[in-house]
Amino acid sequence: MTETTSPPAVTGRRVDHRGLAEPDAQAPKIATITGQTAEFDAAGLSPRLINLELRRLLYIEGVTEVTIHNPGAQHSIAVGLLLRCRIRIDGSLGYFGCGLVDGPEIHITGRVGWSVAENMMSGVIVIDKNAGSLTGAALRGGDLVVRGHVGARTGIDQKGGTIIVGGNTGSMTGFMMQRGRQIICGDAGPGLGDSMYDGVIYVGGKVAALGVDCVEAEMTPADDEFIDRKFGIYQMERPDRFGKFVCGKKLWNYDNLEPNERKLVL
Amino acid sequence: MCGIAGIIYKGQTGDIGREMTRMLQAMRHRGPDSTGYALYGETSDLVIMRFTLADPTDHRDFDFSERLERNRRKVESRLAKLGATIDRVQGESDYAYRATFWYDGELKPLADFVEDVPGAEVLSLGHSLEIIKDLGDARTVSEQYRLDDFRGTHAIGHVRMATESDVDIAGAHPYWAYPFSDVAVVHNGQLTNYHQWRRRLERLGHRFQSECDSEIIAVYIAQLMSDGLSLETAMKQSLDDLDGVFTYLVVTENQLGVAKDEMAAKPLVLYEADDMVALASEEVAIRAVVNREIDTYDPYEREVLVWNR
């Protein structure tokens, strides 16, 4: 790939010929550090510079609490953080925010785009406003809380952890879910739990349509206790009732039926 | 991947050329191949026609300039033959032109007659619509066509990552809804019943400039509107008629609409204020024109929304 200094997307940055990648970027070292806490203003910084500054604070300076101001809805912020720390993001993020993390507690005061917390292994992420589609895709552990609405395919391929949504969720929520739980306070779009293998989805509002092999099950006292505990932690208001949705276990992978026999079963 | 963006002001005008450039440039990573704009200025008595006589990738042979000049004169003479009174014809680049003229006849024969000139392609026809598209990112196209000074009421734009057709102006969005005045579309996605709809619309006499599936949407919507449907009703019907994954934006002289397929497979972020609406594939594009923390949301599956200017 040919690299050039022209045309730079932001003055003073060396970028590749597409004006996108910054091959030799360095942490800008602009944060104010006070003991174990730090904060910095991300206005005008590229995602790479924001992440370099964040990683410098957490991994080199040994800071445990960071506040990022003005993230500007940029993509791929705070990804791949594999340590316990507290991060407050004062604003909104774009796509792929906080993915592949293991351990941090992250509070986002704005909204987030697609694929927030993808592959999160442990930790807590709380989002005060809405989130886009693919929220918590392939989530493996930890709690992901969205106080507003979320888009389509929430928790697709979820393998563990808990996703809590204060508002509505779009189509194909829990698609191919394998483990973990989702608590949706509002309505769910069509295709809820389509092709889920395992796990539980609680819905407080209306369900437009169930997906293939998703069935309604009876709520148990243990389910109520779990929901109450989570709502207590995150100080959320609980809807009057929840429906509980699980895998019907009638898809082909649960039997050895021939194709036309499967059709009869479904 | 591709990126789409739209902006509409309610009851006022704005710097839509500059703003659309900022929005599209913020999404340049979604499509570096070409960039296009459909801009709506003040409605004029004149017909505004944007057209090209060659593609930027065409070989510049020794009589390239003379041939284009000859063909430009042919276009002018054909407009005059059909009864148009020409106001002016400006060269916007060495192959793209903007013509304004008085004309109250049918647009279809006019567009067909112009496109019969070798190399000619009508990008848009209307009383306020102007489609500008070319290769490169938004900043490149905006500088080339001096779009920063374009004021108007609403606009849509597109950055393209070419997948199923060539990197040329014909493959770039937006698409004008030939032969309907002032209708244009940008699309992010893929239509799987494209050939079926193309044959149907060709049987009704429509022509297509490209092999790009997105062009179908523009003509399809305009055809339904000419049959008497409102923009919103036509877009709702498209959710059943068009197969595939799509988020598309349509603009008419007075309206801007968005539709999402039943899987909500393609992204769109929406910001609505009292005086304007901005929407784009990524929030970072909206933030390029509304530089503060804002409340946005993603429309859901099978959602159709329409705003008036």
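## The sheet of chain B

In this predicted model, four strands of chain B form an open sheet in the order β4-β5-β3-β6, with antiparallel pairing, where strands are DSSP runs of E of at least two residues and helices are runs of H or I of at least four, numbered from the N terminus, and two strands pair if DSSP finds at least two bridges between them. Because β4 (85-91) and β6 (121-126) of chain B each have a single partner strand, they stand at the edges, and one side of each is left without a neighbour in the sheet. From one strand to the next the twist averages 20°.

Strands β3 (residues 47-52) and β5 (residues 96-102) of chain B run antiparallel and are joined by six bridges; Arg50(B) has Arg98(B) in β5(B) as its bridge partner.

## Packing of α1 and α4

Helix α1 (residues 16-26) and helix α4 (residues 138-145) of chain B pack at an angle of about 155°, their axes lying 8 Å apart; axes are lines fitted to C-alpha atoms, for helices over the stretch in contact, and angles run from 0 to 180 degrees between N-to-C directions. That makes α1(B) roughly antiparallel to α4(B), a label for angles over 145 degrees.

Thr21(B), Leu24(B) and Gln25(B) of α1(B) meet Ala138(B), Arg139(B) and Ser142(B) of α4(B), contact requiring C-beta atoms, placed from the backbone, within 7 Å.

## Basis of the model

Residues are numbered from 1 along each chain as its sequence is written, and chains are lettered from A and ligands numbered from 1 in the order in which they are written. The model is predicted, so local features need pLDDT of at least 70 and side-chain atom pairs count only at pLDDT 80 or more, whereas totals for chains, interfaces and linings use all residues.

Key: Angles under 35 degrees count as roughly parallel, over 145 as roughly antiparallel, 65 to 115 as roughly perpendicular and the rest as oblique. Two residues are in contact if their C-beta atoms, placed from the backbone, lie within 7 Å.
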